[in-house]
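Here are my notes for someone opening this entry for the first time. Have a look at the picture, then go through the points in order.

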Amino acid sequence: MTKITKNDQVILWSAEEDLKDQRFHQVVNKMEHLMAIYPDDVTIHLLLASGLSGLKRYPEAYQMILTFRDRLADAPSYLPEAVRISLKNEAFMLAREIIHDPLFNNPDQFRTAIEESENQFRFDRSVDLQKRMRAFAHAGSLAADQQAQTLISALKLPLREYMQAARGVLSDPFGWQVTKTQVLLELKAIGSTETVTLNWLDNESYQLRIGDLPILETVSPLIEVLNDLHQQYAGQDPVKYQLIEQQILTEAQYIYPFFDKVIIDPKFWVKIVGSHLFGDEVAAKSADQRQMLTWIEKINQAESFMKFV
């Protein structure tokens with residue numbers, strides 16, 4: 001990421017003062033200028049979002065928040081404004097995500113505001129609410145790209161209705177595991193303590209307590225796989241390294257949350273992912289390795305099926 005120059009830092013500071021004084025047009029003009037130079041800077045984007053919100057350009061501000069959804073905590077002073085923008089766009093689940101961040105101060109006050117907004121939405125927009133619930137609940141019948149968009153749209157459901165529809169998505173024996181994983185991670189992200197039924201990759205049903213689920217980035221077998229991949233390829237073949245890493249992370253969406261069941265031998269997992277990616281053959285030398293080959297075939301079959309939906 002490009003480091004902000006001293007001159008541009010002065011522009012950033014002046015825009016922050018403009019925001020305090022409600023000179024929203026100036027905030028937007030300055031931040032659009034800086035955004036062209038520093039497209040990956042979270043603070044610039046969130047300051048721009050704040051300016052847009054001040055001008056009541058709420059959908060544009062919301063898109064800024066969505067774009068940096070996974071990096072909002074890099075600019076913690078803007079988290080409260082990100083919640084306000086989310087609520088202006090009826091994105092109740094995203095607002096709940098944000099207040100669950102450890103860096104968020106006084107989440108209880110904002111949680112009350114979210115609940116009040118949800119209740120008002122239920123009262124004012126009951127027909128829209130039912131449409132949104134049905135769309136989310138039937139996500140499994142859609143193509144992969146449409147399911148991804150449905151998950152984004154589902155952020156605009158109140159928690160109770162999201163949970164109700166999510167239970168159906170998670171227990172659907174014909175549903176796509178990647179979508180189920182994203183639903184589980186969303187419930188984890190808002191701090192849910194509910195217990196749900198997951199029909200998983202092996203078509204077996206499991207009772208899961210959301211609070212007990214791991215954060216994807218901290219799963220030990222996955223970390224071991226990525227470390228082994230780095231040792232094998234990062235220095236020798238960076239292109240191959242990136243391709244295999246991307247595929248491993250894609251397959252992690254199918255495996256979650258049962259990594260210990262699937263990745264018994266991390267080194268062999270790297271080997272078989274690479275071999276399937278580049279059309280090579282790999283032979284199993286143990287029962288565990290044969291079982292891992294079976295899992296990779298299940299994942300490949302599920303992935304191939306979604307490409308033709």
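1. A word on angles before the helices: axes are lines fitted to C-alpha atoms, for helices over the stretch in contact, and angles run from 0 to 180 degrees between N-to-C directions. Helices are DSSP runs (H or I, at least four residues), numbered from the N terminus. With that in hand, take H1 and helix H3 (residues 42–54): they pack at an angle of about 25°, and their axes are 11 Å apart. H1 and H3 are therefore roughly parallel to each other, angles under 35 degrees being counted that way, over 145 as roughly antiparallel, 65 to 115 as roughly perpendicular and the rest as oblique.

2. Where things come from: this is a predicted model, in which local features need pLDDT of at least 70 and side-chain atom pairs count only at pLDDT 80 or more, while totals for chains, interfaces and linings use all residues. Residues are numbered from 1 along each chain as its sequence is written, and side-chain values use heavy atoms, with hydrogens and water left out.

3. Back to that pair. The crossing of H1 and H3 is left-handed (left-handed if the near helix is turned anticlockwise from the far one by less than a right angle, right-handed if clockwise). On the H1 side the contact (heavy atoms within 4.5 Å) is made by Leu12, Ala15, Glu16 and Leu19, and on the H3 side by Thr43, Ile44, Leu47, Ser50 and Gly51. Sorted by class, the contact of H1 with H3 has 5 nonpolar, 3 polar and 1 charged residues. Here Ala, Val, Leu, Ile, Met, Phe, Trp, Tyr, Cys and Pro count as nonpolar, Asp, Glu, Lys and Arg as charged, and the others, Gly among them, as polar.

4. How do helix H1 (residues 6–20) and helix H2 (residues 24–37) pack? Their angle is about 155°, with the axes 8 Å apart, so H1 and H2 are roughly antiparallel to each other. H1 passes H2 in a left-handed crossing. Among the residues that meet are Ile11, Leu12 and Leu19 in H1 and Phe24, Val27 and Leu34 in H2. The contact of H1 with H2 divides into 9 nonpolar, 3 polar and 3 charged residues.

5. Glutamine 22 has a positive phi of about 65° although it is not a glycine.

6. Another pair to look at is helix H8 (residues 126–137) with helix H10 (residues 159–171): their axes come within 8 Å and cross at roughly 25°. That makes H8 and H10 roughly parallel to each other, and their crossing is right-handed. Leu129, Met133, Phe136 and Ala137 in H8 meet residues of H10 including Tyr162, Ala165 and Val169. In this contact of H8 with H10 there are 8 nonpolar, 1 polar and 1 charged residues.

7. Which residues lie nearest the centre of the largest pocket? They are Arg69, Asp70, Glu97, Leu185 and Ala189, from a lining of 32 residues. About 1100 Å³ of space lies in this pocket. Helix H6 (92–99), helix H9 (144–153) and helix H11 (177–189) each supply at least two residues of its lining, and H11 gives the most, with 7 residues. The lining of the largest pocket divides into 19 nonpolar, 5 polar and 8 charged residues. For the terms: on a 1 Å grid over the protein atoms alone, where a 1.4 Å probe fits, a pocket is an open set of points with protein on both sides within 12 Å along at least five of seven lines, and lining residues have an atom within 4 Å of a point. Grid points are joined across faces, edges and corners, and a volume is the space filled by probe spheres set on the points.

8. The second largest pocket has about 400 Å³ of space. Its lining has 20 residues, with Pro173, Phe174, Gly175, Leu201 and Ala302 nearest its centre. H16 gives the most to this lining, with 5 residues.

9. Finally, check the peptide bond from tyrosine 256 to proline 257: it is cis, with omega near 0°. Proline 257 is found in the loop between helix H13 (238–255) and helix H14 (259–262).
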